[in-house]
Number of protein chains: 2
Amino acid sequence: MSKFPELNEQMDLIARGVEEIIPETDLEKKIEKSITENKPMKIKLGCDPSRPDLHFGHSLVLNKLSHFQSLGHQAVLVIGDFTAMIGDPTGRNKTRPQLSMEEAKENSQSYIDQAGVILDKKSLKIVYNSDWLSGLSFNDIINISSKYTVAQMIERDDFTKRYKEGLPIALHEFMYPLAQGYDSVVLKSDVELGGTDQKFNLLVGRHLQKVSNQNPQVIITTPLLEGTDGINKMSKSYDNYIGITENANDMYGKILSIPDDLMATYYENLANLSKDELDGVKKELTQNPRDLKRQLARMVVEIYHDKDEAVKAEESFDKLFIKKDVPDEMPECTITSNVKVIDLITDNALVGSRGDAKRLIKQGAVSIDGNKISDINFEVSKSESYQILKIGKRKFIKIV
Amino acid sequence: MSKFPELNEQMDLIARGVEEIIPETDLEKKIEKSITENKPMKIKLGCDPSRPDLHFGHSLVLNKLSHFQSLGHQAVLVIGDFTAMIGDPTGRNKTRPQLSMEEAKENSQSYIDQAGVILDKKSLKIVYNSDWLSGLSFNDIINISSKYTVAQMIERDDFTKRYKEGLPIALHEFMYPLAQGYDSVVLKSDVELGGTDQKFNLLVGRHLQKVSNQNPQVIITTPLLEGTDGINKMSKSYDNYIGITENANDMYGKILSIPDDLMATYYENLANLSKDELDGVKKELTQNPRDLKRQLARMVVEIYHDKDEAVKAEESFDKLFIKKDVPDEMPECTITSNVKVIDLITDNALVGSRGDAKRLIKQGAVSIDGNKISDINFEVSKSESYQILKIGKRKFIKIV
């Protein structure tokens with residue numbers, strides 16, 4: 001008997017939350033073959049080590065890869081170290097900095113560590129495309145590039161746009177999709193995953209496999225997630241992201257900060273809910289947004305940390321921002337080592353004199369993160385995130 | 001003192017008969033520098049060993065290269081064996097057959113032998129671009145191709161046309177101009193020569209040198225010569241060509257066959273006339289086309305063979321086609337070894353019987369190329385071109 005689940009069960013999980021499967025019938029055939037031959041499919045995901053900071057935007061495609069792992073298939077993470085080390089020789093493309101071999105290695109390891117939060121690292125196969133791309137000769141490149149036409153390449157959205165607007169497209173930019181596509185030929189991948197912005201590149205791989213007489217890969221795209229501002233796609237450059245490895249408190253707080261109309265999307269893409277559970281949540285969203293947003297934050301923190309940390313994060317948040325009526329904005333004070341609380345109060349001119357400060361501490365009118373300070377020699381030590389110092393009823397300072 | 005002629009003298013010869021010099025001021029600067037430093041300029045001419053049959057159409061650019069040689073500069077013939085061996089992987093481009101290493105070698109040698117009729121072989125430097133192109137890595141290719149944009153490449157006439165008409169341009173086709181241009185970077189050429197159809201490719205070399213911080217090459221284009229039909233450009237495929245190594249008789253005959261209005265062009269491009277001599281000829285052309293065409297034919301044969309052969313070719317032509325009123329068309333008979341003339345006559349049914357043939361020979365009514373045959377045992381041997389057998393007054397046969 002095959003170790004793989006039945007076709008329908010596999011298709012249900014694979015199709016959940018994806019944007020496109022091209023073509024779906026091919027995927028079904030590949031799954032059936034995998035069941036019959038009792039052989040896992042090879043699922044390829046490429047990653048760019050020049051952008052090593054993973055956030056929840058990346059989690060969609062990583063979750064999808066983990067779904068394939070849970071179904072018993074072989075996940076292959078392709079580290080695009082070759083192209084990262086070349087970068088963009090013109091220097092025009094800021095998203096393609098030229099990495100040294102050292103940086104490429106470090107970034108790749110960092111990417112793997114972060115992805116390991118979502119993926120099953122034990123069964124994950126990790127390969128580096130420099131292993132085969134750096135050995136290609138001019139002859140090889142000419143052969144590979146003869147499989148694609150200029151018109152096909154210009155069809156890619158960003159190329160079309162730039163070509164029409166008369167903005168330069170350097171010739172080597174046509175090489176990157178070919179290189180990525182050639183990776184699929186070398187790996188003989190059955191499926192390649194990517195965000196919707198990767199659709200063209202994934203199709204190049206499918207095409208190159210076809211003209212190399214391989215059974216071409218199915219491509220599966222996942223949506224691009226909106227950032228916490230609800231306006232732009234999640235991205236480090238918009239500062240609207242939640243990092244995959246952020247601590248529980250920050251993760252919890254950032255999710256609570258999202259606009260209400262983003263909750264349905266986040267529930268769908270970030271919480272591991274069944275279809276029925278998701279439908280139930282969506283019905284309740286308008287009636288009870290506050291509690292459901294708290295539930296979402298707890299669920300997500302539980303996924304990336306654990307239940308215990310999720311509970312603690314919620315308590316800590318409540319203590320700081322809800323029960324104690326802490327304002328949204330307040331002055332900040334940066335500390336690098338331990339500082340006496342009395343110095344903090346006087347140095348930031350929160351009271352008239354050092355005497356006033358002493359008196360307020362003795363009266364129990366000073367607290368840090370809701371904990372009363374009564375010792376006038378109490379020292380504040382730097383915390384991982386931040387602490388709120390409260391003096392009297394209306395004076396706050398954020399210690400970072 | 002410099003061994004090189006003065007600037008004006010050099011410019012006069014170099015500019016003679018060329019289509020464009022881009023840019024002329026750079027050429028002057030380079031010549032001046034060459035005179036001052038007493039150092040020859042490097043003059044590059046690329047050749048494609050996939051088309052090894054040289055005809056008068058190629059002689060224009062070869063003549064130009066020989067002009068530079070006569071001025072003391074270094075002619076460099078670049079054999080494009082690398083791209084010839086790759087050919088066109090799609091097989092769509094018939095002018096780019098894929099050559100084996102053996103064929104590439106043979107064709108290259110044949111090209112060199114033919115070009116040696118025009119060039120000074122002793123001082124000619126011959127290089128093969130496979131020497132540096134086959135060692136390029138993917139990294140190198142990406143660097144080179146980053147120096148050019150898609151829009152710049154599509155500007156090439158044939159690419160523009162095909163792109164507009166929706167005809168496919170395979171990506172590797174963009175690689176060939178880059179490879180040719182990169183040759184200039186490797187060779188650090190001062191000047192590159194080519195036909196007007198090569199202008200774009202020559203400019204790619206100039207551009208690549210510029211962005212590689214070299215003093216960029218000047219490009220010089222020579223016109224494309226009309227074929228003997230006066231309609232199309234000279235080309236083997238139109239069968240309107242005169243081969244550089246054709247024998248004197250054929251060369252002479254082919255030149256006499258050109259339409260009168262082509263004479264000015266041929267005088268200008270194929271005869272080594274000074275400007276004054278050329279002006280003189282042009283004035284006379286309409287008054288005396290017959291004699292001037294004969295003079296042109298003699299002059300050209302003299303260049304590619306010698307004066308003696310030119311005179312002989314004219315005599316032979318006259319004997320055959322003018323003095324003896326030989327018709328333009330006649331039956332042909334192919335021989336591979338010596339054949340008795342009496343057999344030729346009877347086998348080709350030119351007379352009623354073998355007896356008739358004998359009688360005609362004895363009467364002196366049979367001739368070959370105007371020479372009477374009186375011996376009935378005379379044997380015809382195969383000649384390099386062809387011979388005309390005449391029987392009586394109106395029967396002719398062409399022995400090839």
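Two strands count as paired if DSSP finds at least two bridges between them. Helices (H or I, at least four residues) and strands (E, at least two) are DSSP runs, numbered from the N terminus. This is a predicted model, in which local features need pLDDT of at least 70, side-chain atom pairs count only at pLDDT 80 or more, and totals for chains, interfaces and linings use all residues. Residues are numbered from 1 along each chain as its sequence is written, chains are lettered from A and ligands numbered from 1 in the order in which they are written, and side-chain values use heavy atoms, leaving out hydrogens and water.

View 1. Strand 1 of chain B and strand 6 (residues 218-222) of chain B run antiparallel, joined by three bridges. Look for B:Ile21: its bridge partner in strand 6 of chain B is B:Ile220. The whole sheet in chain B is open, with six strands in the order 1-6-5-2-3-4 and mixed pairing. Strand 1 (20-22) and strand 4 (125-128) of chain B are the edge strands, each pairing on one side only.

View 2. Helix 3 (residues 56-70) of chain B lies across strand 2 (42-47), strand 3 (74-79), strand 5 (191-195) and strand 6 of chain B, at about 155 degrees to strand 5. Angles run from 0 to 180 degrees between N-to-C directions, with axes fitted to C-alpha atoms, for helices over the stretch in contact; contact means heavy atoms within 4.5 Å. Helix 5 (residues 101-115) of chain B packs on the sheet too, touching strands 2, 3 and 4 of chain B, and its direction makes about 150 degrees with that of strand 3.

**View 3. This one shows a helix pair in chain B.** Helix 13 (residues 263-270) and helix 14 (residues 275-284) of chain B pack at about 165 degrees, their axes 10 Å apart. That makes the two helices of chain B roughly antiparallel (angles over 145 degrees count as such). Helix 13 of chain B brings B:Ala264, B:Tyr267 and B:Glu268 to the contact, and helix 14 of chain B brings B:Leu278, B:Val281 and B:Lys282.

**View 4. Finally, chains A and B together.** Chain A superposes on chain B by a rotation of 179 degrees with 0.0 Å of shift along its axis (RMSD 0.5 Å), using least squares on the C-alpha atoms of residues with pLDDT of at least 70 in both. The two copies are thus related as by a two-fold rotation axis. In chain A, the C-alpha nearest that axis belongs to A:Ser137, 2.5 Å away from it.

Methods:
Parallel < 35°, antiparallel > 145°, perpendicular 65-115°, else oblique.
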